[in-house]
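This report describes how one protein model is put together.

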Amino acid sequence: MPPSRPEPQEPASSGERDDLRLGIVGAGKAGTTIARAAIADGYDIAMSGSGPAERIAVIVDVLAPGAHAVSTAEVVRHADLIVLAVPTHRFRELPRDLFAGKILVDAMNYWEPIDGVDDELDKAPTGTSVVVQERFRSARVVKSLNQLGYHEFEESRRPRGAPGRVALGAAGDDRSAVIAVTRLIDRLGFDAVDAGPLEAGLALEPDGPAFGVAHTADELSNLLWPRLLRSGASRARQPITATLS
């Protein structure tokens, strides 16, 4: 008999709900696209890239006007919620304790043509975000914001309640961190679906059933949760938009 589906848990604390500071590590196409969407909804964005802040200042001014180009250390000081959007092979260049206590949104995708052959990532049986969590053990890692290409991400944003609003999943082991990320997803213009524990983020990665396809919240939830229930997951199967109001 499959495990029961418990009721949705309580929403995140008001501190996590109302904090509109966001950090983004990575000033490439994904990072700047997320930054533009967040700025449009009132977020105060600090961004970093490779090298000194001055190196990316022009890029940020052009592609994410309103964001602040700073060092990665300053990004960490700026916000408790941080999006990691660097090329996947570069996350190991960051200090292990850099994101201690932070909610770290793993928006990276492993692509062999870009990242090279990486046996640890290529053969990770429970997904690359588990490897990221192992690297940053003191962070609260959530897999999300990686399902759509940057063009699709920008073009798919809709206000809450819009018919056919696209959904994004959020997978993580820390429940309050997942809820905080779902609030971000909602403000960025998407419905949010609890995708289960961090290892379930494998379904959101390239070659996963939820990757690269625009689904509604019900469609994405129905896609993800039968797999999780078969594996014994006990968290509620739900689009968690109910916790966002």
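Contact here means heavy atoms within 4.5 Å. Helices (H or I, at least four residues) and strands (E, at least two) are DSSP runs, numbered from the N terminus. The model is predicted: local features need pLDDT of at least 70 and side-chain atom pairs count only at pLDDT 80 or more, while totals for chains, interfaces and linings use all residues. Residues are numbered from 1 along each chain as its sequence is written, and side-chain values use heavy atoms, with hydrogens and water left out.

The protein has ten helices and eight strands. Of its 245 residues, 51% are buried, where buried means under 20% relative accessible area, exposed over 50% and partly exposed in between, with a 1.4 Å probe and protein chains only. Among contacts with a separation of 6 or more, 67% are between residues 24 or more positions apart.

In soluble globular proteins, nonpolar side chains tend to be buried together. A nonpolar core is a set of buried Ala, Val, Leu, Ile, Met, Phe, Trp, Tyr and Cys residues joined through side-chain atoms within 4.5 Å. The largest one has 36 residues, and Leu 22, Ile 45 and Leu 188 are among those with the most contacts inside it. Several elements each supply at least two residues of this core, including β1 (21-25), α2 (29-40) and α9 (175-188). Helix α9 gives the most, with seven residues. Leu 188 touches Ile 34, Ala 37, Ala 38, Leu 145, Phe 153 and Arg 157, not counting residues up to four places away in sequence. A second, separate core of 23 residues includes Val 75, Leu 98, Leu 104 and Val 132.

Leu 104 is found in strand β5 and is buried, with a relative accessible area of 0%. Leaving aside neighbours within four places in sequence, the residues in contact with Leu 104 include Ile 82, Leu 84, Phe 99 and Val 132. Lys 143 is 39 residues from Leu 104 along the chain, and their C-alpha atoms are separated by 8.5 Å.

| Helix | Buried residues | Elements packed against the buried residues |
| α7 | Thr 128, Ser 129, Val 131, Val 132, Gln 133, Arg 135 | β4, β5, α6 (119-122), β6 (140-143) |

Helix α7 (residues 128-135) is largely enclosed by the rest of the structure, because six of its eight residues are buried. Helix α2 has twelve residues, which at 1.5 Å a residue should span 16 Å; its end C-alpha atoms are 17 Å apart, which agrees. The expected span is 1.5 Å times one less than the number of residues. Gly 42, which follows α2, has a positive phi near 95°.

Helix α2 also gives the most to the lining of the largest pocket, with five residues. This pocket is lined by 35 residues, and Ala 30, Ala 85, Val 86, Pro 87 and Thr 88 lie nearest its centre. The lining divides into 20 nonpolar, eleven polar and four charged residues.

Methods: On a 1 Å grid over the protein atoms alone, a cavity is a set of points where a 1.4 Å probe fits but cannot get out, and a pocket is an open set with protein on both sides within 12 Å along at least five of seven lines; lining residues have an atom within 4 Å of a point. Ala, Val, Leu, Ile, Met, Phe, Trp, Tyr, Cys and Pro count as nonpolar, Asp, Glu, Lys and Arg as charged, and the others, Gly among them, as polar.
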